[in-house]
There are 2 protein chains.
Amino acid sequence: MGRGEGAAVRVALLGCGTVGTEVVRLLTGQAADLTARIGTPVELVGVAVRRPHRHPWLTENFPDLVTTDAAALVARDDVDVVVEVIGGIEPVRTLLLEALKAGKSVVTANKALLAEDGPALAEAADASGADLYYEAAVAGAIPLLRPLRESLAGDRITRVAGIVNGTSNFILSAMASSGASYGDALEEATRLGYAEADPSADVDGYDAASKAAILATLSFHTRVTASDVHREGMRSVSAADIAAARLLGCTIKLLAICERVESNGGEAVSARVYPAMIPTSHPLASVDGAFNAVFVEAEAAGQLMFYGQGAGGAPTASAVLGDLVAVARNHVGGGRGPRESAYAGLPVRPVGDVPTRYHVDLEVADREGVLAAIAGEFARSGVSIAAVRQTGGAAGDRDGDPGQARLTVVTHSAPDAALAGTVAALADLDVVLGVASVLRVEGLGRAVSALGMPG
Amino acid sequence: MGRGEGAAVRVALLGCGTVGTEVVRLLTGQAADLTARIGTPVELVGVAVRRPHRHPWLTENFPDLVTTDAAALVARDDVDVVVEVIGGIEPVRTLLLEALKAGKSVVTANKALLAEDGPALAEAADASGADLYYEAAVAGAIPLLRPLRESLAGDRITRVAGIVNGTSNFILSAMASSGASYGDALEEATRLGYAEADPSADVDGYDAASKAAILATLSFHTRVTASDVHREGMRSVSAADIAAARLLGCTIKLLAICERVESNGGEAVSARVYPAMIPTSHPLASVDGAFNAVFVEAEAAGQLMFYGQGAGGAPTASAVLGDLVAVARNHVGGGRGPRESAYAGLPVRPVGDVPTRYHVDLEVADREGVLAAIAGEFARSGVSIAAVRQTGGAAGDRDGDPGQARLTVVTHSAPDAALAGTVAALADLDVVLGVASVLRVEGLGRAVSALGMPG
């Protein structure tokens, strides 16, 4: 299989933006260390970029390596491994499929492609016996995919919930710490380079949904694509939501959640992305700024958390290099990394069927029977109330007008569709003057005790 | 190399205590899943225990597997992999060396043996081409060693600092939350099963030192044994220390610290275990009870943290099974896991030479010149003071006696020996009535700002 010890492992790099530049720096700057760790040198034989003039550092230091013809680079006989950091679907999909078909191993950071077409890549890798590694595709530098697919390979993962998009977390952290509006916080994130000119992939949850698809696929041995993931972004999170969360001892995070759930007595998978309240005592609550963290629950291992930088050139390059070392070791030793494992083939449940919990903040008329009307609406949908708190009533308007109060309800878990339906019905009640905030609550029921009331 | 797909990978288990029992349960209970993930069945062919009558569950459910002759089990032709969860040095060392010499791969949770004689095991594995995996030896269920030796294989790890002993962390957490003395907290830990009858391995830092040796070896590609690790336990941590830490916005944790340090212009390694103050804002500060967490810093990846259960039957078994799946995959695929990599061969610096920071709490006479005398003592040793706070003076004794005050000093970093020498010299000063608390401070200088004074 391998070319034996001594012969260099020859690498083609596709793309040379922030991450690619760091890959080149690490590959060339730490060559002696890498050789010692792998047992053979790793040699960069070519770097494909579309517009070389935009890469002065590369063209100046490595003029002989630069090419604009990525397909020809991939097809070269003297390429053993293709490292891809271009991103996007095409032409990358075609290039990587060609590489894998030719038996060349692939290291990629391309979450969008993996979430859309991971199975095709995995099949091509299996057919030729090539490796396919993509640690950098989820949570940047945090070693997460390798633990999921290797360290926990003898365990049963039940839940993966994490903050996997640094841009939206930066914005939510800024809103929470300064009381800024979404718009102001986004502006600051853009100014500091944490958000792109078009922030949609980040704030609308597309990026997190791709990552959720990859995490669910690995965790549950079931193919989950981005389109299977229920996705709600965080543009709608208001300063009022943040304030409501604080009152409950909670904070709001955009979470990617992958769970094993029941389905007609059998098992299924749920994968979803939305902003949710979590208690400030939850380990994910203190993950601020552009950091990522992922909380994993497994039957034997219990609760695990992984924390670190989710993006950025150097952190992402660290993950790419770790994969490259693994691929090179396999190449030399004649082995192979773990294959895609989709044997379980569980169905994906739509979010409406999945049990979640809601927090609802209502502006209500401060008069008799209000609580009964609202509680009745929950009961009608079969939703059980975990905690309720009324504030601002008696101390409110005392000049003769009917008073106004704030009613905060945290539900027990119920099918998401029933909860959403209840909120819609509540809004139609006469006694409800407005719905100030609706957010899902995650984090193991701790929110209830945070509310200071019996669950 | 491998026996090909289809043929079972045959496993011998040495030891069947809490962890071993869970390994048997997982191996037999999840057989179908494991087969699907590996591509071939894993078959348990024997379990060696010293006193079978102490293992009624095992002898009842698997009577044909039980043997008291571990050496004969290891030597059997139909054993491919040996899983060891006995612990201790002998007879385990001999058994595992025999297995490795015969080309049988080994999965072990034995931190003491690895920290004392890891190189001999690694050499035996390399000589025969067998695998040696030991994820469960450090931080139980937390995937930590695989990330260090694989995910970060293309990066340069600069520091690993963690809470790796659950028993001592449980005791320190109890002391911090209830103000209990060390003795009372230990008693509670023993009653709840977190501490053994003889708690020395945990509270005196031996267990953490073994783990530090393993972490330093992997992180810095340098052989570090337990005897290279500077070790101070946490028996000496008093309620006064805990209170002093709280006043500074800190908490006390027993830390295992492995660092790259400078040494005469070159590089060296420091590995040490001691109780230290860390700011409550540090991610490790909120790791309470029997949980473990390890903070890793690498040049490209930046800061990473791994959190989870560090001990217990099921969590440790999860790590053992993950290794077993990897070994079985290698066995089937003909590959091998990463070998021991000690190419860097860095020297280990004694703790006295390593820069640390101290917090010192002194009872001093409340009169003129005290601060000058004390500051002079620090200056004499070349130790720079980062922050100082005097309290309780004026408001102290007003009945004619010379007053007494509390002086808290946090130093900048200086060689540990200079700091220790300064504290000894301070204790001899006339104006110093007593040394209430001396603790090292870790955590990136944040303690200084926590003191509310310019650094």
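Colleague: Which residue stands opposite A:Phe306 in β12(B)?

Modeller: This is a predicted model. Strand β12 (residues 302-309) of chain A is joined to β12(B) by three bridges. The two strands run antiparallel. Opposite A:Phe306 stands B:Phe306.

Colleague: How many residues of chain B are in contact with chain A?

Modeller: Contact here means heavy atoms within 4.5 Å. On the chain A side, 47 residues take part. For chain B the number is 47.

Colleague: What area is buried between chain B and chain A?

Modeller: Carbon and sulfur atoms give 52% of it. In chain B, the residues that lose the most area to chain A are B:Arg37, B:Tyr307 and B:Tyr343, together 15% of what that side buries. The area buried between the chains is about 3900 Å².

Colleague: Which residue of chain B forms a salt bridge with A:Arg146?

Modeller: The rule finds two salt bridges across this interface. The cut-off is 4 Å between a side-chain nitrogen of Lys or Arg and a carboxyl oxygen of Asp or Glu. For A:Arg146, the closest N and O atoms are 3.6 Å apart, so the pair qualifies. The partner is B:Glu150.

Colleague: How many residue pairs are in polar contact across the interface, both at pLDDT 80 or more?

Modeller: The rule finds 18.
Elements of chain B that each supply at least two residues of the side touching chain A include α2 (31-38), α7 (145-151), β12 (302-309) and α13 (313-333). By class, that side has 22 nonpolar, 14 polar and 11 charged residues. The number of pairs in polar contact is 18.

Methods:
Residues numbered from 1 in each chain as written. Chains lettered and ligands numbered in written order. Predicted model: local features only at pLDDT ≥ 70, side-chain atom pairs only at ≥ 80, totals over all residues. Heavy atoms only, no water. Buried area = accessible area lost by both parts, 1.4 Å probe. Polar contact = N/O pair within 3.5 Å; in protein donor to acceptor, adjacent residues only side chain to side chain. Helix = DSSP H or I, 4+ residues; strand = E, 2+ residues; numbered from the N terminus. Nonpolar A, V, L, I, M, F, W, Y, C, P; charged D, E, K, R; others polar. Pairing = 2+ DSSP bridges.
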